[in-house]
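Student: I would like to learn how to read side-chain contacts in a model. Please take me through an example.

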Amino acid sequence: MAYLYLFLAIVAEVLGTTALKASQEFTRLWPSVGVVIGYGLAFYLLTLVLRSLPVGVAYAVWAGLGIVLVSLLGVVWFGERLDGPAVLGMGLIIAGVVVIQVFSRVSAH
């Protein structure tokens, strides 16, 4: 269940961050509400994750995948562009998450 909660926490955080951009500095009501709900749900779910996963592993996966997903949504929804170094860096982040999950004994708490 920990990984399901972690996945849901990542999705909630990504939606909250995307709503943050759409809120236009909290001047639009519904995107602003989405920020509060997204972050609130993300942090609640993360507390459930931390019952069984070490905080370092959980946060590494959350942050790494969150960066990649937010960047992709920025490209799709906001027309933002990613250059080669940004794509390479995100590839390295994904590789780091894979290394933690596949090779680390810590992640199998």
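Student: Which residue lies over the face of Phe 78?

Tutor: A charge sits over a ring if NZ of Lys or CZ of Arg is within 6 Å of the ring centre and within 35 degrees of the ring normal. Here Lys 21 lies over the face of Phe 78, 5.6 Å from the ring centre. This is a predicted model: local features need pLDDT of at least 70, side-chain atom pairs count only at pLDDT 80 or more, and totals for chains, interfaces and linings use all residues. Residues are numbered from 1 along each chain as its sequence is written, and side-chain values use heavy atoms, with hydrogens and water left out.

Student: How many aromatic pairs does a search of the whole structure find?

Tutor: Rings of Phe, Tyr and Trp (its six-membered ring) pair if their centres lie within 6.5 Å; planes under 30 degrees apart are stacked, over 60 edge-to-face, the rest tilted. The search finds two pairs. In Tyr 59 and Trp 62 the ring centres are 6.2 Å apart and the planes are at 55°, so this pair is tilted.

Student: Is Trp 62 buried or exposed?

Tutor: Buried means under 20% relative accessible area, exposed over 50%, partly exposed in between (1.4 Å probe, protein chains only). Trp 62 is buried, at 6%. Tyr 59 is exposed, at 52%.

Student: What is the phi of Gln 24?

Tutor: Gln 24 has a positive phi of about 50°, although it is not a glycine. Gln 24 is partly exposed, at 47% relative accessibility. Phe 26 also has a positive phi, about 60°, and is not a glycine.
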